[in-house]
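Hello,

Please have a look at it below and then read on.

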Amino acid sequence: MNTPALNLGNPPAGEDRIALAWQALAQVEDPEIPALKILDLGLIRFVRVHAGVLEIGLSPTYVGCPATEVIRHDVVQALRDAQIGDCVVTSVLSPAWSSDWITAAGRQKLLELGIVPPARAVSKLREVLGAERPSACPLCQSTDTQCISEFGSTPCKALHRCRACLEPFEYFKCI
Amino acid sequence: MSAAAADSEALFRYVLRLGDLSLVLGQRLGEWVGHAPALEEDLGLANIALDLIGQARLLLSYAGEIEGRGRSEDDIAYHREQGEYLNPVLAEQPNGDFGQTIVRQVLIDAYQLELYERMAASSDERLAAIAAKSVKETRYHLRYSGSWLVRLGDGTEQSHALAQAALGRLWPYTVELFAEDDLDRAMADGGVAPRLAEVHAAWTVRLDELLGQATLKRPGDRAHSWHGKRGQHSEHLGYILAEMQYLQRAYPGARW
């Protein structure tokens with residue numbers, strides 16, 4: 001699951017290198033929702049240096065999401081462009097990514113795009129079954145909404161409809 | 001064979017059982033793409049297929065590492081014969097009508113949910129991580145399939161009759177899911193996997209609740225003679241593999 005380390009010449013030292021890596025990562029967009037950065041989604045688990053190699057921990061949102069491969073590629077490209085030395089991207093499965101890790105800025109951006117941000121994950125998995133729904137229509141704020149499909153244009157979103165303004169909208173699922 | 005080699009061979013086979021179940025079911029669901037009754041269901045079934053194939057990738061990659069012969073997830077998926085596939089035969093049963101697909105999905109979603117919830121505490125760290133990740137997705141799969149089961153069962157006379165018929169047809173295959181053999185026992189003894197009896201009990205409670213809402217009757221358990229978990233499959237798997245493996249068999253190592 002690891003991308004081979006890239007040999008990129010002389011890296012800057014320690015702390016600077018990690019800070020520069022974060023700066024580079026801050027530019028990487030989500031391929032499905034480009035207004036969102038991967039940092040907004042909380043996909044980067046750690047940036048550290050081990051034996052001279054910069055290691056980036058990246059979590060998939062959904063295990064089969066095709067965007068994961070694109071994100072991995074974009075991360076490597078961003079680090080290469082930043083010229084901060086050898087790096088490796090490690091896939092981190094545990095603990096599993098949660099929609100709770102989407103930042104406040106990320107939630108705001110989703111809402112501005114007409115996608116209702118996820119409810120906060122409940123501690124007990126079973127409680128989500130049947131209980132979860134978006135808080136309100138992102139257009140008219142009515143709470144009279146209906147689920148059309150548990151799966152929308154991507155695995156992470158469900159399709160809903162507002163019964164007040166009749167507009168369909170997407171809901172970023174809580175996992 | 002040394003004890004350690006025997007343990008690793010057992011774990012390899014067990015992980016293949018899990019991975020093959022997800023892979024074969026994902027491949028089956030993929031057949032609905034472009035054919036589902038409505039666009040929403042097309043997307044729903046395709047997204048579930050995508051999750052399942054994602055799980056299969058994690059599991060088959062891990063199996064390849066356990067085996068230690070350098071086989072990748074693709075080598076394992078595309079270059080094994082039917083007898084080397086270890087999924088329970090329920091996964092390979094044909095899609096039939098939409099109702100039959102939904103019934104098969106409910107049976108397997110509920111099984112994977114109960115299995116993964118418990119496997120998240122596995123003594124095998126990698127399996128624990130894969131299970132903890134997968135269970136989050138499986139929850140949504142069951143929400144989808146379960147809500148459809150209720151709509152079909154408690155729907156029109158025709159949808160009820162079709163759902164009940166599909167349940168009768170597929171139920172006998174569920175026996176294999178919970179039939180504990182030496183490998184299942186060894187995994188449970190080592191804390192790698194939960195006891196199947198425990199998974200079965202939880203699955204039954206969940207199924208009864210859903211079937212009750214769907215006004216469907218649970219068929220009785222029948223003696224079964226299916227051993228997909230040991231590589232003995234129904235006639236359907238070969239056709240799935242022929243389609244899925246064709247490209248890599250004709251052009252080994254082809255990439256895109």
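Leaving aside its neighbours within four places in sequence, which residues is Asp30(A) in contact with? They are Leu36(A), Ile38(A), Leu41(A) and Ala67(A), where contact means C-beta atoms, placed from the backbone, within 7 Å.

Before going further: this is a predicted model, in which local features need pLDDT of at least 70 and side-chain atom pairs count only at pLDDT 80 or more, while totals for chains, interfaces and linings use all residues. Residues are numbered from 1 along each chain as its sequence is written, with chains lettered from A and ligands numbered from 1 in the order in which they are written.

Asp30(A) sits in the loop between α1 (14-25) and α2 (38-41) of chain A; helices here are DSSP runs of H or I with at least four residues, numbered from the N terminus. Asp30(A) is buried because 22 other C-beta atoms lie within 10 Å (20 or more count as buried). Its C-alpha atom is 8.8 Å from that of Val70(A), 40 residues apart along the chain.

Now to where the chains meet. Chain B brings 25 residues to the contact and chain A brings 20 residues. On the chain B side, the elements giving two or more residues are α2 (39-67) and α5 (125-153), and α5(B) gives the most, with 13 residues.

Within chain B, α1 (residues 3-30) packs against α2(B) at about 160°, with axes 7 Å apart (lines fitted to C-alpha atoms over the stretch in contact, with angles from 0 to 180 degrees between N-to-C directions). The two helices α1(B) and α2(B) are therefore roughly antiparallel, a term for angles over 145 degrees.

Best wishes

Terms used:
Two residues are in contact if their C-beta atoms, placed from the backbone, lie within 7 Å. A residue is buried if 20 or more other C-beta atoms lie within 10 Å of its own, exposed if 12 or fewer, and partly exposed in between; C-beta atoms are placed from the backbone. Angles under 35 degrees count as roughly parallel, over 145 as roughly antiparallel, 65 to 115 as roughly perpendicular and the rest as oblique.
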